[in-house]
Amino acid sequence: MNVGLRIDVDTYRGTKLGVPNLCAVLAEQGVRASFFFSVGPDNMGRHLWRLLRPAFLIKMLRTNAAGLYGWDILLRGTVTPGPIIGRRLAGVIRSAAEAGHEIGLHAWDHHAWQQKIASWEGPEIRKVLERGTEMLTEIIGRAPDCSAAPAWRCTDEVLLEKLRFPFRFNSDCRGDHIFQPVVAGKALAQAQIPTTLPTYDEIVGRDGINEGNYNEFLLGKLRPGQLNTLTIHAEVEGIRCLPMFREFLHNAAERGVCFVPMGSLLKGLDGELPKASMVARSIAGREGWISCQGSG
């Protein structure tokens with residue numbers, strides 16, 4: 001069973017600490033994955049105002065966010081602008097590419113995208129995509145050929161703007177199979193590879209799931225013969241939960257599970273892909289809306 005492995009890198013700390021840790025653990029298992037990097041300012045601490053929202057506060061308490069992410073992440077960019085990740089940590093990003101991992105764009109400013117993308121129009125979207133792709137191109141020596149929307153927040157305007165860039169595929173939503181997104185009745189050329197499995201922060205602390213049984217729960221969610229894709233975060237599985245993730249990879253390998261870069265899941269697909277719209281929905285364990293695969 002092949003499982004697409006998507007690694008989101010949202011912050012300076014996740015890049016500096018989590019990425020090297022994950023590269024080392026993946027090398028132990030002979031696994032290659034897809035890293036999606038945020039390369040602009042790290043302003044993630046500005047999410048603190050969301051504590052006024054009950055759903056976000058409950059999530060922060062349920063996952064012990066201070067212990068999980070670290071206070072440097074939770075406060076980054078609250079007083080002064082956060083550091084430009086791609087300038088400070090270009091070598092770390094480049095090392096992931098040199099290790100053979102697939103490299104894609106996550107965001108220029110992850111916080112800004114997550115909070116404002118619903119209201120952004122074409123020129124604003126284009127500007128941040130250009131800034132992100134230009135910096136990532138400078139770092140790895142080639143244009144990234146894939147992208148993944150921060151927090152699975154994507155609009156039709158985003159899908160249309162991404163057509164200006166050389167992305168073979170995007171991973172912007174939750175869903176159950178690879179498809180061509182439809183906007184205004186027209187199927188777009190860039191395939192969508194959705195995330196199918198839940199993330200750590202969505203399920204730990206809910207319905208009896210804890211760090212002791214999380215790995216078994218997640219392995220039990222794999223569906224033979226169907227699309228399986230997992231998103232992890234450099235800030236979580238790459239730092240505090242690294243031992244748990246190492247054990248997860250080991251247990252999965254014993255069951256014949258092979259983790260692969262997301263783009264490799266496109267190989268062998270015959271004929272036209274199914275077509276579907278993308279719609280905004282809410283899911284259990286995550287505050288706010290996300291993009292989900294809809295009907296054709």
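Tutor: A charge sits over a ring if NZ of Lys or CZ of Arg is within 6 Å of the ring centre and within 35 degrees of the ring normal. Please note that this is a predicted model.

Student: What makes Arg174 a charge over the face of Trp152?

Tutor: Arg174 lies 4.0 Å from the ring centre of Trp152, over its face, and the distance limit is 6 Å. Arg6 likewise lies over the face of Phe36, at 5.8 Å from the ring centre.

Student: Why is the pair of Phe35 and Phe37 called stacked?

Tutor: By the rule for ring pairs, there are six aromatic pairs. In the pair of Phe35 and Phe37, the centres are 5.9 Å apart and the planes stand at 15 degrees, so the pair is stacked; the limits are 6.5 Å for the centres and under 30 degrees for stacking. Phe35 and Phe37 are both buried.

Student: What makes the pair of Trp113 and Trp120 edge-to-face?

Tutor: The planes of Trp113 and Trp120 are 85 degrees apart, with 6.2 Å centre to centre, and an angle over 60 degrees counts as edge-to-face. Both Trp113 and Trp120 are buried.

Student: Why is H6 called roughly perpendicular to H8?

Tutor: The axes of H6 (residues 90-98) and H8 (residues 122-140) cross at roughly 70 degrees and come within 9 Å. That angle makes H6 roughly perpendicular to H8, as the class covers 65 to 115 degrees. In this contact, Ala90, Ile93, Arg94 and Ala97 of H6 meet Leu136, Ile139 and Ile140 of H8. The contact residues comprise six nonpolar, no polar and one charged.

Conventions:
Residues are numbered from 1 along each chain as its sequence is written. This is a predicted model: local features need pLDDT of at least 70, side-chain atom pairs count only at pLDDT 80 or more; totals for chains, interfaces and linings use all residues. Side-chain values use heavy atoms; hydrogens and water are left out. Axes are lines fitted to C-alpha atoms, for helices over the stretch in contact, and angles run from 0 to 180 degrees between N-to-C directions. Helices (H or I, at least four residues) and strands (E, at least two) are DSSP runs, numbered from the N terminus. Angles under 35 degrees count as roughly parallel, over 145 as roughly antiparallel, 65 to 115 as roughly perpendicular and the rest as oblique. Contact means heavy atoms within 4.5 Å. Ala, Val, Leu, Ile, Met, Phe, Trp, Tyr, Cys and Pro count as nonpolar, Asp, Glu, Lys and Arg as charged, and the others, Gly among them, as polar. Buried means under 20% relative accessible area, exposed over 50%, partly exposed in between (1.4 Å probe, protein chains only).
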